[in-house]
Amino acid sequence: MDKIFELWPYLSLTPLLGITLTLGCYIIADGLYKKCNQFAILNPVLISVILISTALWLTKTDYLVYFEGAKYIHFLLGPATVALAVPLYKNIHHVKAALIPIFLTVILGGVFAITSGVGIAALLGASQETILSLAPKSVTAPVAMGLSKIIGGTPSLTAVLVILSGIVGAVLGSFALNLVRIKDPKARGLAIGIASHGIGTAHKLSLNETAGAFAGLGMGLNALATAIILPMLYSLYQYFT
Amino acid sequence: MLIFFFVICFLQLIGEAIVYMTEIPIPGPVIGMILLLVSLIIKKGVPESFNTAANGLLRYLALLFVPAGVGVTLHFHLISKEWFAISASVVFATLLTIVFSALLMKFMVKSDG
């Protein structure tokens with residue numbers, strides 16, 4: 001009978017625990033998201049993070065014990081980031097439609113995303129760690145996390161901020177665009193892709209194919225632009241302080 | 001399928017090697033992504049097997065950042081202390097960026113033609 005008390009410590013040592021918990025929670029969260037008509041606030045990553053965190057807290061399991069298994073899932077982020085080149089390539093013919101406007105919008109929009117995020121947080125007295133973690137929040141999570149690590153932010157905090165920015169874009173993005181009376185699907189899609197990397201916007205944008213393609217383009221190009229610009233802005237900032 | 005996984009791992013490996021040798025501050029996977037994009041542009045097309053494998057992997061892209069996201073629990077103190085600055089930055093910076101980018105694009109496309 002003693003064995004039953006040793007079971008949990010024993011299972012905690014195998015990577016299986018972290019992997020099973022991650023997959024299980026994600027399946028539940030994804031099911032909920034689809035059942036609720038892909039309502040952006042019920043983002044599956046956000047719900048999974050909440051479910052897993054609660055489970056770890058209830059069982060008093062250390063994050064590092066969980067990550068011992070979850071790291072096998074985490075590892076795939078790198079190759080998946082490389083694979084993002086495929087959808088980017090498939091959307092790239094749209095660039096020919098307006099080469100210079102698209103590139104300028106992505107570069108200036110990317111810089112604006114970084115500086116406005118950092119600026120607002122700094123004005124409101126956020127700490128250096130928070131500010132650096134916020135800087136890459138407009139680009140897709142795998143790239144943002146790598147950038148966060150490079151400039152001295154906290155990648156896990158960045159991951160959550162990226163998801164929250166995606167939700168803001170999905171819930172309020174169309175509303176903001178209607179407010180300034182922008183109807184062109186190219187401009188609408190590109191802007192949402194640049195600022196909120198298309199998380200959760202896919203569903204809404206699928207109503208308009210052009211907007212969807214431009215959102216994908218905005219997301220992919222801004223991931224590249226920010227990966228090059230953010231470290232440069234950071235060294236500039238370090239140089240002046 | 002297998003070839004695609006080999007290619008993306010190999011390109012990331014090259015990316016990491018370039019980052020290590022040149023100390024360029026860009027994530028290794030992003031270099032890998034640029035290399036793959038350039039190869040596809042040169043090749044002028046995506047092989048069907050690549051397409052299937054990439055779609056399969058990217059369908060679950062969101063799942064892949066769950067483990068890192070859970071790491072946010074390690075920073076609970078920081079977030080509860082600075083929640084106001086964080087939420088204001090996330091909400092307003094995102095919306096301002098959307099409006100700024102869309103106006104810019106609209107202005108340039110108009111002045112183009």
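How far apart do the C-alpha centres of domain 1 of chain A and domain 2 of chain A lie? They lie 28 Å apart. The legends below describe views of a predicted model.

**View 1. The two domains of chain A.** Chain A is divided into domain 1, covering 3-75, and domain 2, covering 83-240. Where these domains meet, seven residues of domain 1 of chain A are in contact with eight residues of domain 2 of chain A. The side of domain 1 of chain A that touches domain 2 of chain A consists of five nonpolar and two polar residues, with no charged residues.

**View 2. The contact between chain A and chain B.** Chain A supplies 90 residues to the contact, and chain B supplies 64 residues. On the side of chain A that touches chain B, the element that gives the most is helix H10 (residues 155-179) of chain A, with 14 residues. Sorted by class, this side of chain A has 62 nonpolar residues, 21 polar residues and seven charged residues.

**View 3. The helices of chain B.** Chain B has six helices and zero strands, and its pattern along the sequence reads α-α-α-α-α-α. The radius of gyration of chain B is 20 Å, whereas the globule rule gives 13 Å for 113 residues, so chain B is more spread out than a compact globule. The C-alpha trace of chain B spans about 50 × 45 × 35 Å along its principal axes. Of the 113 residues of chain B, 42% count as buried. Among the contacts in chain B with a separation of 6 or more, 41% come from residues 24 or more positions apart.

**View 4. The two domains of chain B.** The domain assignment of chain B gives domain 1 as 1-64 and domain 2 as 66-113. Taken over C-alpha atoms, the centres of domain 1 of chain B and domain 2 of chain B are separated by 26 Å.

**View 5. The largest nonpolar core and the surroundings of Ala191(A).** The largest nonpolar core has 109 residues. The members that touch the most other members are Ala83(A), Ala85(A), Ala191(A) and Phe65(B). Leaving out residues up to four places away in sequence, Ala191(A) touches Leu177(A) and Gly218(A) in chain A. In chain B, Ala191(A) touches Ile98(B), Ser101(B), Ala102(B) and Met105(B), again not counting residues up to four places away in sequence.

Methods:
Residues are numbered from 1 along each chain as its sequence is written. Chains are lettered from A and ligands numbered from 1 in the order in which they are written. This is a predicted model: local features need pLDDT of at least 70, side-chain atom pairs count only at pLDDT 80 or more; totals for chains, interfaces and linings use all residues. Two residues are in contact if their C-beta atoms, placed from the backbone, lie within 7 Å. Helices (H or I, at least four residues) and strands (E, at least two) are DSSP runs, numbered from the N terminus. Ala, Val, Leu, Ile, Met, Phe, Trp, Tyr, Cys and Pro count as nonpolar, Asp, Glu, Lys and Arg as charged, and the others, Gly among them, as polar. Domain bounds come from an automatic or database domain assignment. The radius of gyration is taken over C-alpha atoms; the globule rule is 2.2 Å times the number of residues to the power 0.38. A residue is buried if 20 or more other C-beta atoms lie within 10 Å of its own, exposed if 12 or fewer, and partly exposed in between; C-beta atoms are placed from the backbone. A nonpolar core is a set of buried Ala, Val, Leu, Ile, Met, Phe, Trp, Tyr and Cys residues joined through C-beta atoms within 7 Å.
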